[in-house]
Amino acid sequence: MFMGNTPFITVRTSRPLSEIEFCAWVAQAAPGDRLEYHRGFLVLDIFPMLGRLADREREELSRLGSRAFWAAEQGLVHLVQERVGPDRFAYIAVTRPKPKHAAASLSALLLEEQAA
């Protein structure tokens, strides 16, 4: 399907996003929807010696980054980085079209992952 000149709009939250909120967005997003789930330098931001985040915030960010990578591995999203400044990136998840033959829901995939 040709999408014409429809602009892609990235949703950016005003506060840090949790892993659960990310999962909820993935489950409800339409193909092509974009979510900025982190802004910074993710690898450094989750590293205890270099990060400027408190332990709890760093752990939540680590879970969020891992969940985004997992969602990409499951074919649910594409992960994109946009440079916004020196050593600073916008980490964006773009929802992929859901396969017509998909029988498993996101919650089923999450339960399957926990059982493994």
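What covers the buried residues of helix 1 includes strand 2, helix 3 (55-73), strand 3 (77-85), strand 4 and helix 4 (106-115). Some terms before going on. Buried means under 20% relative accessible area, exposed means over 50%, and partly exposed is in between, with a 1.4 Å probe and protein chains only. Helices (H or I, at least four residues) and strands (E, at least two) are DSSP runs, numbered from the N terminus. Contact, which also stands behind words such as touch and cover, means heavy atoms within 4.5 Å.

This is a predicted model, in which local features need pLDDT of at least 70 and side-chain atom pairs count only at pLDDT 80 or more, while totals for chains, interfaces and linings use all residues. Residues are numbered from 1 along each chain as its sequence is written, and side-chain values use heavy atoms, with hydrogens and water left out.

Now the overall layout. The chain has 4 helices and 4 strands, and along the sequence they follow the pattern β-α-β-α-α-β-β-α. Of the 116 residues, 32% are buried. Among the contacts with a separation of 6 or more, 59% are between residues 24 or more positions apart.

Back to helix 1. Which residues of helix 1 are buried? They are Glu19, Phe22, Cys23, Trp25 and Val26, in a helix that covers residues 19-28. Seen down the helix axis, these fall within an arc of 160°, so they line one face of helix 1. The arc is that of the directions from the helix axis to the C-beta atoms. As background, an α-helix has 3.6 residues a turn, so residues three or four places apart point the same way. The face of helix 1 turned away from the buried side carries the exposed residues Ile20 and Gln28.

Next, the core. A nonpolar core is a set of buried Ala, Val, Leu, Ile, Met, Phe, Trp, Tyr and Cys residues joined through side-chain atoms within 4.5 Å. The largest one here has 21 residues, and Phe22, Trp25 and Tyr37 have the most contacts inside it. Helix 1, strand 2, helix 3, strand 4 and helix 4 each give two or more residues to this core. Which element gives the most? Helix 3 does, with 5 residues. As for Phe22, leaving out residues up to four places away in sequence, its contacts are Leu17, Leu35, Tyr37, Leu64, Arg67, Ala68, Ala71 and Ala93.

Then the rings. Rings of Phe, Tyr and Trp (its six-membered ring) pair if their centres lie within 6.5 Å; planes under 30 degrees apart count as stacked, over 60 as edge-to-face, and the rest as tilted. The whole structure has 5 aromatic pairs. One of them is Tyr37 with Tyr91, a tilted pair at 6.3 Å centre to centre, with 55° between the planes. Tyr37 lies in strand 2 (residues 34-40) and Tyr91 in strand 4 (residues 88-95), so the pair ties together parts that are 54 residues apart in sequence. Tyr37 is buried at 7% relative accessible area, and Tyr91 is buried at 6%. Tyr91 also pairs with Phe89, this time edge-to-face, at 6.4 Å and 65° between the planes. Phe89 is buried as well, at 13%. Phe22, Trp25, Tyr37, Phe41, Phe89 and Tyr91 form one aromatic cluster.

Arg34 is in strand 2 and is buried, with a relative accessible area of 15%. Thr95 is in strand 4 and is buried at 3%. Not counting residues up to four places away in sequence, Thr95 touches several residues, including Trp25, Pro31 and Val77.

Last, a loop. Where does Asp87 lie? Asp87 is in the loop between strand 3 and strand 4, and it is exposed, at 56% relative accessible area. Asp87 is not a glycine, yet it has a positive phi of about 55°.
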